[in-house]
Amino acid sequence: MIRVDSTGKSNSLIQVRGLDKTYRRGGEEIQVLQRLNLDVDKGDFVAFMGPSGSGKTTLLNLLGGLDVPTHGSITVAGDEITHMSGNKLTRWRARHVGFIFQMYNLIPVLNAFQNVELPLLLTKLSKSDRRKHVETALGVVGLADRMNHYPRQLSGGQEQRVAIARAIVADPTFLLCDEPTGDLDRKSADEIMELIIRLVKEYGKTVLMVTHDPVVAKRADTTLHLEKGVLVEAGELGVAAGGVA
Amino acid sequence: MKFRGLIFANLFRKKLRLILTIGSFAVALFLFAFLAVVRGAFNRGADIAGADRLVVINRISIIQPLPLAYRDKILRIPGVKAVTHNNWFGGVYQDEKNFFPQFVIDIENQRKVIPELKVPDDQWNNFVKDRRGAIAGAKTAARFGWKVGDHIPIKNALFGGESTWDFNIDGIYHSERAGGDESQFWFQWDYFEERMPQSFKGNVGWYVIKLDSPDNAVAVAKAIDDMAANSSFETKTETESAFAAGWVKQFGNIQFLIMTIGTVVFFTLLLVTGNTMAISVRERVSELAVLKAIGFTDRSVLFFVLAEALTIALVGGLFGLGLAAIAVPVLAAALNGLLPTLILSKTILALGLALAVFVGGVSGLLPGIGAMRMRVVTALRRV
C-alpha cells in the first residue's frame, strides 16, 4: 500500500518523512522537493510522473542513497539512510538497491555475464556461486544464451534486460528504475515492462519507477505525480488526491 | 583476484592507446637503463679504486712524463708502502678499431700495488722470465680469442717511429673486484725501455703508490708534491678515486648530463601518462559512477584507476628494461672497449622498476582521486 500523507511511524518497507531537497545554483536556492512524505510497502510497484524539473529523478536518487536530502528522513527496512556515512551508504546500496537506468549504463568492455556479475564481486560468494547467481538472473530476463555477448552486440531492449539482471542479481530490497523504457521503441518498452511486472508479481520485488510515458506508468500499481517538488496527485488503483489506498 | 577481469577489460579498452602508453614507459625505461649503465661505466673507476692508493702524474698533464728517479724518493716518504710505475703504450692490434689499453708495467711492484688484478703464479713467473711476455685482461683475451702461448704483434708509432712490437701471451689476469677492468694489456718495462728513443729513457708515465693506511693519503700526497715542487717535473698527486673521477670529467659533466636527460624523460613520461590516465578516466565517468551506484566504494574506484596505471607502468617498465638487458651487451661489444665495461646491474633494474612504479602511481593518482571524489548523481547526469 502506498501513502503520501503519513507523518508518523509506520511498518512500510520505505518511509519518507518531511523530505526537502534544495540546490544552490549561482547564489539562488532551488527547492526541488518540499516536505515530501511517502510510504511504500514490500511488493509495491509505484511510478512517479511529472514534468521535467519536477524532482522525479532527485527523489529516486535520494531513495537510492545517491544523494542526501536537505531535511527529512528516509527509512528503508528499518535503516535510516539519511544520516549514514559515505562508505556505509555505499555498502547499504550494494545490499538493498538495484538500479535500472534509462541508458542501461552497462560497462562496454565487459560481456553480459561480467556486467551482471559486478554487484556480486562485492559479496563473499565463491566464483561458482557467483556463476550460478548470474546464470539465474540472466535466465530470468531471458538472456541465458547471450551471456558472452558484449553490449555492442545486443539490441537496446537486450541491453536493458542485462541491466535488469545486474539490478536483481544480488537480490536487493527494492529496484529503482529511472526511465527504464525511455530509450526504447514501443515493442521493446512493452517487453521491459512485462519483465518488471513479472519481477513484482512473481518475485515479490518492490519497484519505484520514474517515467514520462503515461502508457508505461499505467503498468504500475500506483502512479504518483510530482509537480514542483510536491506529490500533488496519486494515480490509478483507487488512489485519492493526497492519499493512496 | 576477482577484480582482475574488470581491470584488464578496462586496460584493453583502447588497444592502440595502451600500446603507445606502454611504449612510452618502455622507451623511457630503456633510456634510463642505458644512461645509468653509461654513468656507472664512467664512475666505476672511482667506485672500485683502492682507498689506499695514490696516483702521481705530471702537474701539466698526464701525457707529460715524470722522472724514473722519483721512484726512490717517493719510497722514502713515510706512509708509502710500495711504488710502481706505468706508461701508456697506445699501440694498434691489427686495426685501429680494435682498441684496448696497453700499459708498460714495473714487474717488481705491479702485484704489490694492484693486487686485485690476479694472475696465476705460474703464468706470472713465465711472464717475468719472458722479455717479450705480456699479460692480457680476460675480457680482451676473450674478445680476440687469445690464449696463453699466442704471439701478438702490435704496431706503435709513438715510440721510435712506426714499428711492430711482438709479444707472447704468458698469462691472463682477472679482476677480483666486480666490475673491475679486465681489458688491459701489460708488458715489461725492460722490453719497452730497450726500444724507446733515447729522449724518453729515464722517464715514466705515472706512478701508483700503495699506502700503509688510507689515513696517510693527504700527508703523503702533499709530501710528494712538495718534493717535486719547483722542479722541471712538478707532480699532481691524488687518490686513485679522485684521479678516476677527474679522468671522467675530461669527457664533460657526464653526471649532470645524464641526470638532466633522465629527469626530462621521466617528467615528460609523467605528463604523458598522467594525461592518458586522465583521458581514460574522463571517458568513463558514467561507468565509474555506475560502479559507485551499485556499491563499489570510493576507494575501490581509486584502486581500479591506480591498478591500471601501475599495470601499464610495470609492463612498460619490464619491457624497456628487458630491451636494455638485450641491448647493453650488444652495445658493449660494439664499443670494443672504448668505454669502460657496461654493466646493467640488478640495482639499475630495481631502480628502473621502482621509478616506473612511482611514475605509474603518480600518473594514476590524480585522475584516481578525481574519480574517487566524483559525485555519482553529477556523473550520471553527464550521460
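Residues are numbered from 1 along each chain as its sequence is written, and chains are lettered from A and ligands numbered from 1 in the order in which they are written. Because the model is predicted, local features need pLDDT of at least 70 and side-chain atom pairs count only at pLDDT 80 or more, while totals for chains, interfaces and linings use all residues.

The model scores ipTM 0.89 and pTM 0.73.

T90(A) lies in helix α2 (residues 86-96) of chain A, where helices are DSSP runs of H or I with at least four residues, numbered from the N terminus. T90(A) counts as buried because it has 24 C-beta neighbours inside 10 Å, the threshold being 20 or more other C-beta atoms within 10 Å of its own, with C-beta atoms placed from the backbone. Leaving aside residues up to four places away in sequence, T90(A) touches K292(B), G295(B) and T297(B), contact being defined by C-beta atoms, placed from the backbone, that lie within 7 Å.

Helix α5 (residues 156-168) of chain A has 13 residues, which at 1.5 Å a residue should span 18 Å, in agreement with the 19 Å between its end C-alpha atoms; the expected span is 1.5 Å times one less than the number of residues. Of the 13 residues of α5(A), 11 are buried, among them V162(A), I164(A) and I168(A). These buried residues pack against β7 (97-100), α3 (112-117), α4 (127-140), β8 (174-178) and α6 (186-201) of chain A, strands being DSSP runs of E with at least two residues.

How values were computed:
A residue is buried if 20 or more other C-beta atoms lie within 10 Å of its own, exposed if 12 or fewer, and partly exposed in between; C-beta atoms are placed from the backbone. Two residues are in contact if their C-beta atoms, placed from the backbone, lie within 7 Å.
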